[in-house]
Structure formats: structure tokens, C-alpha cells
Amino acid sequence: MFDPTKLSECDVAEFIPHRDPMILISQLLEYSQDSLLTQTDVSTASPYFDPRLNGVPNYVGIEYMAQSIAALAGVEAHLRNDIIRVGFLLGSRKLKMHISQFELGQSYQTKVTRLYQEESGLAVFDCQILHNQEVVAEANVNVFQPQDTQAYIADAAQ
């Protein structure tokens, strides 16, 4: 039986549809209803690491937020004994980046909280990226997770 209180012991890949090298978050930290806290550790092996910046560009933060939302959906799927589904990042509002990059050797926590969700799979999340308890990026992120991804893609292609 899945125990959400032991998330930090789990592999992130068990909860999101992404695979290496595109898994950007390092660890799942805390789950509560409609909310998840994750951690991203920046190293030279991090996807999008830029040696000229000695870090990861700040715009990658939107993907840290999106993958944290995907991880929350994955945790909820595990709790329902359901499959992990693909979701789509539709856009963001109120995006603010308070730093120019995510620094090498530093860890950042991303907190995602569901504000609203429709039965169709459309949802809005309040997202914050923190470094040493200080908000370094924030946004409201709109996502869509269809029940049947393949059917959704086939319909969209017509």
C-alpha cells in the first residue's frame, strides 16, 4: 500500500510521465490534500544547466512548477490505485521570476496548490519556488489532464 508520508523515499519517476534526462525535480517532500512540495537540486548534470550562468536559467522554473503539478497528480493516482496520466501545461498568469537563474549547488523547493479543478481535467494551481524559505518565483499555472490522452491527441489532430 502506498504511504504518502514516505514520499521522500520514493523515486520521482514513479509519479510523473517523464523519463530521464527530462525529470527536472529531484525529490518529493510533502503531500497534503490538493498540495505538494518538491525539491530540485541544481548540479552540472541538471537538464538545462548553463555553464556560462553557472546555473539553470530562471525560465526553466515554469517546468519545475509543471512537473511538481504532474507529481501531485501522480501521488493522487497512486492513492486511487490509478495509472499515471499525461497532462498539458496550458499557460500561466501572474508569472514573476525574482531571480535570474537557479544557482549551481543550491536546492529549491516548489510548492503547488490546486485552486480549482473541473471534471474535464482543466485545473489552476498556485505555484511558488522557494530558496531558503524566500519566494524566488511564483505563478498561477493552468493545466489540462484528459482521461484518455491518446483519444484527446487524435481528436486534436483532426
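Student: What makes strand 1 and strand 2 a pair, and how many bridges join them?

Tutor: Two strands pair if DSSP finds at least two bridges between them. Here 5 bridges join strand 1 (residues 27-32) to strand 2 (residues 35-41), running antiparallel, so the pair meets that rule. E30, for one, stands opposite L37 in strand 2. As for the word strand, it is a DSSP run of E with at least two residues, while a helix is a run of H or I with at least four; both are numbered from the N terminus.

Student: Good to know. What should I keep in mind about the model itself?

Tutor: This is a predicted model, where local features need pLDDT of at least 70, side-chain atom pairs count only at pLDDT 80 or more, and totals for chains, interfaces and linings use all residues. Residues are numbered from 1 along each chain as its sequence is written, and side-chain values use heavy atoms, with hydrogens and water left out.

Student: Which residue takes a positive phi in the hairpin of strand 1 and strand 2?

Tutor: D34 does, with phi near 70°, and the hairpin has 2 residues between the strands.

Student: Why are strand 1 and strand 4 called edge strands?

Tutor: The open sheet has 6 strands in the order 1-2-6-7-8-4, with antiparallel pairing. Strand 1 and strand 4 each pair on one side only. Within this sheet, strand 6 and strand 7 pair over 8 bridges, and V112 stands opposite C127 in strand 7.

Student: Where does helix 1 lie?

Tutor: Helix 1 lies across strand 1, strand 2, strand 4, strand 6, strand 7 and strand 8, at about 65° to strand 6. Such angles run from 0 to 180 degrees between N-to-C directions, using axes fitted to C-alpha atoms, for helices over the stretch in contact. Contact means heavy atoms within 4.5 Å.

Student: What makes something a pocket here, and not a cavity?

Tutor: On a 1 Å grid over the protein atoms alone, a cavity is a set of points where a 1.4 Å probe fits but cannot get out; a pocket is an open set with protein on both sides within 12 Å along at least five of seven lines. Lining residues have an atom within 4 Å of a point.

Student: Which residues lie nearest the centre of the largest pocket?

Tutor: I69, A73, G87, V143 and Q145, out of 32 lining residues. Helix 1 gives the largest share of that lining, 9 residues.
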